[in-house]
Amino acid sequence: MLTIPHTTKLWFASAVDLRLGFDGLANLVRTKLNNDPLSGHLFVFTNRSANRVKVLYWGGHGLCLWCQRLESGRYHFPEVTEAGIELSSSQFAMILDGIDLSHVRRFKRFSPPKTESRAT
């Protein structure tokens, strides 16, 4: 299981050919996601049947590739635009745990009241 700090961004691309390795996925990060694969962020890819996932990231000394294959079932990723979408680390953890984010609802939380600025 990946442990991802909350400060790390995760970018998810639409379904790709997962036969690609380090260089092919890094090229997709540059062209499809318009991002730098050496930025320290995680780039998540899945195949068309959504039963495999690869995560490309910079490990400090080189590119790292984390892979996972489901023996049955599929991952339930959100709908993706052509440019990809940003996921939080908690959303990605839920996806890996088999939770469909489209059926998850977020409950209202406390937020401090907004103070009006007065012109003096």
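Colleague: How many disulfides does the structure hold?

Modeller: Zero disulfides, in this predicted model. Cys64 is in none, and the nearest cysteine sulfur, that of Cys67, is 11 Å away. Cys67 is likewise in no disulfide, with the sulfur of Cys64 as its nearest, 11 Å off.

Colleague: And why rule that pair out at 11 Å?

Modeller: Because a disulfide here needs the two sulfur atoms within 2.5 Å, and these are 11 Å apart.

Colleague: New topic. What is the mean pLDDT of the protein?

Modeller: The mean is 83, and 92% of the residues reach 70 or more.

Colleague: Which element has the lowest mean pLDDT, and which the highest?

Modeller: Helix α2 is lowest, with a mean of 80, while helix α1, residues 22-31, is highest at 93.

Colleague: On to the sheet, then. What is the strand order?

Modeller: The order is β4-β3-β2-β1-β5, an open sheet of five strands with mixed pairing. The edges are β4 (63-69) and β5 (85-87), each of which pairs on one side only. On average, neighbouring strands are turned by 25° against each other, ignoring direction.

Colleague: Let's walk across it from the β5 end. How does β1 pair with β5, parallel or antiparallel?

Modeller: Antiparallel, over three bridges, with β1 covering residues 10-12. Trp11 has Glu86 as its bridge partner in β5.

Colleague: What is the bridge partner of Trp11 in β2?

Modeller: That is Phe43. Here β1 and β2 pair in the parallel sense, again over three bridges.

Colleague: How does the chain cross from β1 to β2?

Modeller: It goes through α1, and this β-α-β crossover is right-handed.

Colleague: How many residues of β2 are buried?

Modeller: Five of the five, so β2 is largely enclosed by the rest of the structure. Both of its faces are covered: Leu42, Val44 and Thr46 are buried on one side, and Phe43 and Phe45 are buried on the other.

Colleague: What stands opposite Phe43 in β3?

Modeller: Leu56 does. Strands β2 and β3 run antiparallel and are joined by four bridges.

Colleague: And which residue in the hairpin of β2 and β3 takes a positive phi?

Modeller: Ala50, with a phi near 55°. That hairpin has five residues between the strands.

Colleague: Next pair over. How many bridges join β3 to β4?

Modeller: Seven, and the two strands run antiparallel. Leu56 turns up again here, with Leu65 as its bridge partner in β4.

Colleague: How many residues lie between the strands in the hairpin of β3 and β4?

Modeller: Four, and Gly60 in that hairpin takes a positive phi near 105°.

Colleague: Back to α2. Which strands does it lie across?

Modeller: Helix α2, residues 89-96, lies across β1, β2 (42-46), β3 (52-58), β4 and β5. Its direction is at about 85° to β5.

Methods: Residues numbered from 1 in each chain as written. Predicted model: local features only at pLDDT ≥ 70, side-chain atom pairs only at ≥ 80, totals over all residues. Heavy atoms only, no water. Pairing = 2+ DSSP bridges. Axes fitted to C-alpha atoms, helices over the stretch in contact; angles between N-to-C directions. Contact = heavy atoms within 4.5 Å. pLDDT = per-residue confidence, 0-100. Buried < 20%, exposed > 50% of the residue type's maximum accessible area, 1.4 Å probe, protein only. Right-handed = clockwise from strand over helix to strand, strands pointing away.
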